[in-house]
Each structure stands twice: as structure tokens, then as C-alpha cells.
Amino acid sequence: MPYVWDFSAVTRNWTVLLSGLGGTIVLSLAGIAVGILIGAGLAAMRLSGLRVLRWPATAWIEFFRNTPPLVHFFWFFYGLPMAFGITLSSFGAALAALGIQSSAFFAEVFRGGIVSVERGQWEAGRALGMSRARLFRRIILPQAARRMAAPFVERCFELVKTTTLAAALAHHELLYAAMVVVTETYRPLEVYTVVALLFLTVLFAASQVSEWLEARGRAMQGR
Amino acid sequence: MTSPEPVVLSATAITKRFGTVDVLKGVDLTVRKGERIAILGSSGSGKSTLLRCLNLLERPTGGTIALDGRTIGRPDGKGCQRYDERELDRVRTRVGMVFQQFNLFPHMRVIENVMEAPRGVLGKSKAEAQAIAERQLAAVGLAEKATAWPAQLSGGQQQRVAIARALAMDPEVLLLDEPTSSLDPELVGEVLAAIRALSDEGRTMLIVTHELGFAFHFATRVLFLHDGKVLEEGPPEQVLKAPREERTRRFIERFTERRF
Amino acid sequence: MPELQFGVVFADFDLLIRAAGTTALLWAAAFSVGWSAGWIVAFGRRSPRLVLAIPARGFVECFRNTPVLVQLIWFYYALPVLIGIQMPAFGAAVLALGLNGTAYCAEIHRNGLQSVAIGQWEAGRALGMGRLRVFFRIILPQAVSRMIPAYTNRAVEMAKNTSVASVISVHELMYNARLFSSQNYVPLETFTVVAGIYFVVIWPISLASSLIERRRSA
Ligand SMILES: Nc1ncnc2c1ncn2[C@@H]1O[C@H](COP(=O)(O)OP(=O)(O)O)[C@@H](O)[C@H]1O
Ligand SMILES: [Mg+2]
């Protein structure tokens, strides 16, 4: 007997799913903000000439790039309060985990963009008598930013997808909202398919837009 | 002959070591106002390193550089010079440089490339900087390319923009490191013509080049660098036509026998 | 400073190590599926025939633009409803992670093939080699060696993704860590040690990858 699709489980509970989507968006934006902030600091540390700054930054980056984010979520949510008495809400724990984990990746995006600018650009600026600060701001950063754009967007997408791990902490985001709806309606196929399609639509559309913007940026400079 | 022109730039006993390799082994050089010095030498002889030491893009391991009679940096008491970043920035505003690879700023339009340093470093107003840039671009024959992007220009045009960019700072000395070496042969002429035009205005220049014919007619003095030392120097007629040193002679032969 | 009880965790360390074995198995199975099936999808994407190229593109976009946890949950809870067969959790995890890997590996393969100059094809054909022979003897070796950093990178991402299978109760390392920490009330110690185990396994791969990359560009 063929399965009969029935999306009423979704249509009747769309407010729950919508508020879940809101949770996903808030967590994503907050996570990106924290990740960029810490990531920029880490990148500056790694690029500095001082070993005491470079080493801790490198260790941090390597650790968080090479361990699963789910472990970080649990560490912040269950580990911290038990040992240190710092209790984080599910949002706080998810934000800490996301921000810190993605900071490692953002740091590498920023650093990669900056070191990718050819040495000749530094030299040309110096030869014109530009100060380091001005040279960095006017010559290096604009070129680096352009090269960072694609990996930066990619990292943001990864982060958005990673927010679903907060469902494991029972934080109310899209996936957790879906789980709630499923336990009430016993319609996993329809509900989870809709959730997948929502992610697909949003992320695919966003990636198309960013690709288009990038192509336009290149065309504008005659390349 | 009138009284000699004042000394603009001088290098005394310059040495430069990278790791364990001695690239410059004691170079002395005095550049007077209006001189045009061609630096010759085979690949790896230290020509680029010498130029880069002269504007302190590389800090010499030993020896001193003086601009307008004032020694740059101060002795650190151990026989070397200490340099202050700010001071070096000031020096570099007065010693221009043109690179083999042009190094235009790809994210700025042609005129913005030329305006950037007069505006940001010399603190000129936008109108002033723009006037300077337009004048320099016209001088290299690229006035109509002002709003183009560097990537839209040919190599020869890019290098002429780079020359205009350096001249917009009105430097006392202009250093050119093989300005035509990465150009297609048919584009070399336009760049050399732009450089030649500068000699008419009496610009002081040091140029590293393999264009011996150009060096012969353009330079007031030729310097042959070998193995980190000045092996021979003198007027072009002497160094290029009647070199004293065997090595210089062989070098010149190698570069002339290609021409027919 | 609180009293940390790492001793409790290390007393049952062998339990975690055995669980890490399951993680490794899941990882190896899913990566093999992804790498192999990735070739099929890669050729689909390169095909001039739209009936092949469009579904291949759709497949890749679906798996790259949805979270891996959603994929796992879909294959474990939703798919059985559709096909009427309940899969074991491990099987669902291999399927989901494997197909996820397929999408990413397909793009790596495709870029690898594109990076080999067209002249290599022509040179091979000009010597009278057949298409398959050119592919296996000339193109593939060059593409694969060029793509090793991308493969190792994917292997690292995949290794981290295996932990997500704990959510559909595959008894791998993360699942056992959650179980252990709640039974013994030592979450901080457990998750710290488990993070350490993951790191010790995954980091060398990253390190090897960046060494290879550095050697290549040097
Ligand atoms: N930054 C550097 N680090 C190490 N070695 C260098 C560096 N720059 C130049 N060298 C070495 O110094 C020597 C002279 O280089 P260079 O001045 O560029 O020669 P030329 O311009 O005459 O060809 C070469 O052997 C080169 O490898
Ligand atoms: Mg050179």
C-alpha cells in the first residue's frame, strides 16, 4: 500500500515551526557575530610577530577545528555548571559553543585572506612611504576582504547548519520545534521533509545570491 | 664644467646577509642630483637587493644610507644601524620605486592608484592630489585611462601607471628595478620612452636593466655589480664599449650577441 | 577551583576506547561510500546530458544545503515511514553520512578532474590510448594527488560528523560519553576527555593534510 502524504501536521503547527525558525535565525546571527569577533582577534594574534600570542591562538584554532561541535555543545551545557557552577541556558551554551567553535574557522578565513595578498602590494605601499596602519587599511584589507568573501560565506552557512545541534540541548530552534511537532502528530516524514526543504531553500538561495554578488564584484574591476 | 651637483643619496659600505648568504659585500655608492645610473649585473648578483636597501625596504646588515647628507637611523653601538619606522616612512616618500611586477593596487582605479599616496601620505587635498595625478598620467601618455582598472591595461600601460604613481610623490631619487623585464617585447619601447622623458626634466634615477642599448644612451654612469660588489663603474662609453674587467666584458658580450 | 574527578573517567577508559572503535567503523564505512559514490555523481555532473547533470546537481545541492543532523534524523525517522522498513540506527547513520559525503566528494572529484589540463586528454588520445585508459592512467593519478588535501579535509569533517549519530542513538563515542556522564555525574571530565580522544585521532589527519599542501606549494 503506497504511503499517503499528509501535510496537515505541518500546516496545523506552522506557528511552532515558525518560532523554531526564528530561534534558528537568532542563534545563527548571534553565533556569527561572536565567531567574527573572537576570530578576528585570533587572526591578529596568529599574524603577530610575537610567539606568546601566536602559540595560544594556534592551539585554540587547531583544537576547535579538530573536535566535533556536538562535544562543545555538551561541554558548555552540561560540563560547565556541574564543575564550575556556571549555569548557561540552552541558548547561552549553544551560543558559546557555536561562537567559539566557529571563531577557529573564521580566524583561518581572515588570516588566509590577508596572507594571500601578494608581497608586492606591501612593498609598493611601503615604497610610497605609507605607514603600516594605513597600508593595511587602504591596500591590504580591501583586497583581502574580497578574497575572504567566498570562504566567509561558506563558514556562515556551516554555522547555520550547526545551529541544529542545539536541538540536542532541547533549545527551541527549527529542528527541535520539528521534533516537538512530530511527537504530537506522529508525522516524521512530512515534518522533517519540510524542515529539510526550508534549510535547502534558504541556504541555496543565499548561496546563489552570494555567488552572483561575487561575480559582479569581479566584473566591476575588469577581471 | 660647472661645480658638481650636490649629493642626493649615498650608500657607505652596505652589506646584506640573508641567513648565511652574503648578498651584498660592501657597496659604496654616491648619487648626485640629476645623475642617471644604470646598474648591470647577472641574475642573483644582488641588484634588486641593493635598490631595496637604498629605500630601506630591506634593512642593510651593515653600513649606512644617507639622504641629502643626513644619515638614516642611528648607530646601535654594536656597529649596526637602528631604524625608526616613522623615519623610514619619511625616507620612502622621498625615494620612489618602480617594480618589475608593477604592483599596482588592483582594487583601485588608475587615478586612485596615483592619488593614494599624495593624499594619504603627503596630506594633499583631494583636488590637489587629483591635479597631480592627472598631470603625471598625462606625462606617461595615459590621461584617457584614468578611470580604468589596472586589470584592463596592458603590461606596458600598467608599468607607465606605476611610474606615474611613483612620480606623483615628486621623489628626489627614483629607483627602477628591471621595469621592462616582465613585458612582452613589443611593449618594452613605450615604457623606456616614458623613462627617457624623465631625463629631460633632470630627474635623478637609478635603473636596473638588461637593455644595454638603452643604458648606453640614457645613463650618465654605469655600474656593474658582481657577486655583491661593484666590480666596475664609469661613463657608459667606457664600461659598455671598453670594459676594464674580463667579467664585465663577458657579460656585455652575452647580452649583445643576441641582437642582430 | 572545583574538585575535578578525571579518575572516574579514566577508570572506565576502555569503555570509551571501545566506543571510539564504533566511531572509527562508522567513519570508515561512510567515507568509503561517499568517496566511491562521489565518482558516479561527479560524472553525472560533468555529463553533457541534462537527464544526468540536473539530478546530480540536485543531489549535491540537497545534501550540501541541509544540516547533517537533519539528514540523520530524516533517514532514521522519516525514510522508514516511506519505505515501510525500519533501519538499524547504524545503517541509517552510514546511509546519511555516506550520502552527505557523496555530495561533497563529488564536488572534490569534479574539481580535480577539471584541474587536469585538457592537453593531458589530448596527449593521451594522440598516443592512441582509449578514453578509459587515458582516464585511469593519465587523468586520475594527477587529479587524485592534487585533491589529497581536499579529501583529508573532508575526512576530518566526516569524523566530526560521526558524533552527531549519537542523537539517533548509534552507540559510538559521543553516545557513550553522554551515557557515561549522566550515570556518573562527571560531564565536564567526560566531555573534556572525549574531546581529547577526538582531537588525538583527527588532528594528525589535518596536520598531514597541511604538510602535504605546503610541500605541494613549495
Ligand atoms: N628575502 C630574501 N631571502 C633570502 N635570500 C634572498 C632574498 N632576497 C634575495 N635573496 C638572494 O640574494 C641573491 C641576490 O638577489 P637579488 O638582489 O634579487 O639579485 P638580482 O636582482 O641581481 O637578480 C639571490 O641569490 C637571492 O636568492
Ligand atoms: Mg632582481
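Contact here means heavy atoms within 4.5 Å. The model is predicted: local features need pLDDT of at least 70 and side-chain atom pairs count only at pLDDT 80 or more, whereas totals for chains, interfaces and linings use all residues. Residues are numbered from 1 along each chain as its sequence is written, chains are lettered from A and ligands numbered from 1 in the order in which they are written, and side-chain values use heavy atoms, with hydrogens and water left out.

**View 1. Surroundings of Leu54(B).** Leaving aside residues up to four places away in sequence, Leu54(B) touches Leu9(B), Ala11(B), Leu29(B), Ile65(B), Leu175(B) and Leu206(B).

**View 2. The largest nonpolar core.** A nonpolar core is a set of buried (under 20% relative accessible area, 1.4 Å probe, protein chains only) Ala, Val, Leu, Ile, Met, Phe, Trp, Tyr and Cys residues joined through side-chain atoms within 4.5 Å. Among the 145 residues of the largest such core, Leu54(B) and Leu206(B) touch the most other members.

**View 3. A second core.** A separate core of 49 residues includes Ala148(B), Ile163(B), Leu198(B) and Phe214(B).

**View 4. Surroundings of ligand 1.** Residues around ligand 1 (a heavy atom within 4 Å) include Phe18(B), Val23(B), Ser42(B) and Lys47(B). Polar contacts are pairs of N or O atoms within 3.5 Å. Oxygen atoms of ligand 1 lie 2.7 Å from a polar backbone atom of Gly44(B), 2.8 Å from a backbone N or O atom of Lys47(B) and 2.5 Å from a side-chain N or O atom of Thr49(B).

Terms used. Buried < 20%, exposed > 50% of the residue type's maximum accessible area, 1.4 Å probe, protein only. Polar contact = N/O pair within 3.5 Å; in protein donor to acceptor, adjacent residues only side chain to side chain.
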